[in-house]
Amino acid sequence: MSLAILFSRAQCGITAPQVTVEVHLSNGLPSLSIVGLPETAVKESKERIRAALLNSRFEYPTRRITINLAPADLPKQGGRYDLAMALGVLAASGQIPRASLDQYEFLGELALSGELRPIHGTLPAALQVREAGRSLVIPMANGEEGALIRDLTLYPARHLLDVCAHLSGASPLSPCAHPSSTALETSASYPDLADVSAQHHAKRALEIAAAGGHALLMIGPPGTGKTMLARRLPGILPPMSEEEALETAAIASVSGLGFSPQQWARRPFRAPHHTASGPALVGGGSVPAPGEISLAHNGVLFLDELPEFNRHTLEVLREPLESGHITISRAARQAEFPARFQLIAAMNPCPCGFHGDPRGRCRCTSEQIQRYRARISGPLMDRIDMHIEVPPVPPRQWRDTQREPLASSTDVRKRVIRARHIQLQRAGKANHLMTSPEIERFCRLETNGQHILESACERLGLSARAYHRILRVARTIADLEEAEAIATNHLSEALSYRRLDRKTGYY
Ligand SMILES: Nc1ncnc2c1ncn2[C@@H]1O[C@H](COP(=O)(O)OP(=O)(O)O)[C@@H](O)[C@H]1O
Ligand SMILES: [Mg+2]
Ligand SMILES: [Zn+2]
């Protein structure tokens, strides 16, 4: 029987469904046809397989070759099936043994010479190969990435011939080892919060935002340290769990940016420019690819100059901000990507940037200022838990802070970890994710607090959503103090992080 069956993996979102590659040789006019919903790049495999086999001095069967990629309803893209198909032709024509093929899965694109070219999405594929209980053969260039999956037998190979020599037992490939965990953990290093002088209010807000996972908007003129602060958020967030690290890595792996092991367990920081297109931000493309919000999964999405972003694009952020994932539909194709990012945004107080500057450099009219602010829609603002002012620092304060030692990211992170631990114990999630019933349960106020909050809401004309946001932030402030109940000082501090709710004027 001239039939060979091999296993490979497709890519769909961050999953890698199994693909069975069946190769059949029959009598008839010499030809090669690939069936099973192959797209253009897969159809081009024909030429690569033929050239690679001939250049590796194998015999190209002068028979009718049929390759079926199953399941047929799963779209197949790219050159990732080349290796499995070429090996299938060799096995079906008796040039390599067929017996042990079912213990492996094969991924890799062939160069005409027979060399193996890297593919996208090694990590999710490797994870699922392990679950299937097989070994994985991949291009050498993907080896480091695949090795991040522990307890998987992984064979990186340079050339089709090396894989054949392995399968025939002539010269086994050496398996790639999982890197030791210590080598991975030390790789995390971020810019330090101690680099930021003064701005105590902003640093405190950043700590609270980190502890509860709250979205934060910073308002202030250019050069006051907003970007500096945002970049320091990943370094004060709790360390990633293995599961989080895997998911974040899988997204980078399928994105085409690729994943380098140095990024392992590092919280991503993504800062797309305000001219970024909708698909670049949320994901898209004919083959759905993750966007910035997914690349920021388990990390920070920084939107600098928030009012300059396309309004429609910003609206799309609302759903993932609540659900933590995004579904991309393109024609008949759908893919879902995780997108649990922490949103940090920055904006100038007015179009020229100098509103509130003591030297009075701002010439913007109040109408212009209103219009500028109105570019950010109410519903998006409603989803941002904290708004703070990052004002220019008078030179005298600079000098003062130079004398006192500044809190380092390491110190702040310790407090954040403690506060986050309390949240996970209590509700199984960070405070920013608490639902209304959970807020009712965990953010109860005493009579006095209830009174303060109600009158503030009335005065500021706050929505029910904003009311809940204040309670979530107050809960986090109490958690940082390891306080059981939300006290009035926690509540008043939470209220102070709602700068933009004030109906009158800008600040
Ligand atoms: N609080 C601060 N502490 C130390 N340096 C600062 C501070 N604020 C601003 N700087 C300096 O000014 C530069 C610009 O800061 P940046 O964060 O880009 O400001 P913004 O984003 O608010 O426009 C920084 O690179 C840094 O050198
Ligand atoms: Mg900036
Ligand atoms: Zn102005």
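**Close-up 1. Arginine 418 and its salt-bridge partner, glutamate 482, in the predicted model.** Arginine 418 counts as partly exposed, because its relative accessibility is 43%, a value that lies between the 20% limit for buried residues and the 50% limit for exposed ones. The side chain of arginine 418 meets that of glutamate 482 in a salt bridge, with 2.7 Å from N to O. Since arginine 418 belongs to helix α18 (residues 409-427) and glutamate 482 to the loop between α21 (464-480) and α22, the pair ties together parts that are 64 residues apart in sequence.

**Close-up 2. The salt bridge between glutamate 493 and arginine 204.** These two side chains meet at 2.8 Å, N to O. Glutamate 493 lies in helix α22 (residues 488-496) and arginine 204 in helix α8 (residues 200-212), so the pair ties together parts that are 289 residues apart in sequence. Arginine 204 is partly exposed, with a relative accessible area of 28%.

**Close-up 3. The salt bridge between glutamate 105 and arginine 134.** The closest N and O atoms of this pair are 2.6 Å apart. Glutamate 105 is found in strand β5 (residues 104-106), whereas arginine 134 sits in the loop between α4 (122-132) and β8 (135-139), so that their pairing ties together parts 29 residues apart in sequence. Glutamate 105 counts as buried, at 0% relative accessibility, and arginine 134 is buried too, with a relative accessible area of 17%.

**Close-up 4. A network of salt bridges.** Glu322, Arg383, Asp385, Arg465 and Arg469 are linked to one another in this network. The structure as a whole holds 19 salt bridges.

Note on methods:
Residues are numbered from 1 along each chain as its sequence is written. Chains are lettered from A and ligands numbered from 1 in the order in which they are written. This is a predicted model: local features need pLDDT of at least 70, side-chain atom pairs count only at pLDDT 80 or more; totals for chains, interfaces and linings use all residues. Side-chain values use heavy atoms; hydrogens and water are left out. A salt bridge is a side-chain nitrogen of Lys or Arg within 4 Å of a carboxyl oxygen of Asp or Glu. Helices (H or I, at least four residues) and strands (E, at least two) are DSSP runs, numbered from the N terminus. Buried means under 20% relative accessible area, exposed over 50%, partly exposed in between (1.4 Å probe, protein chains only).
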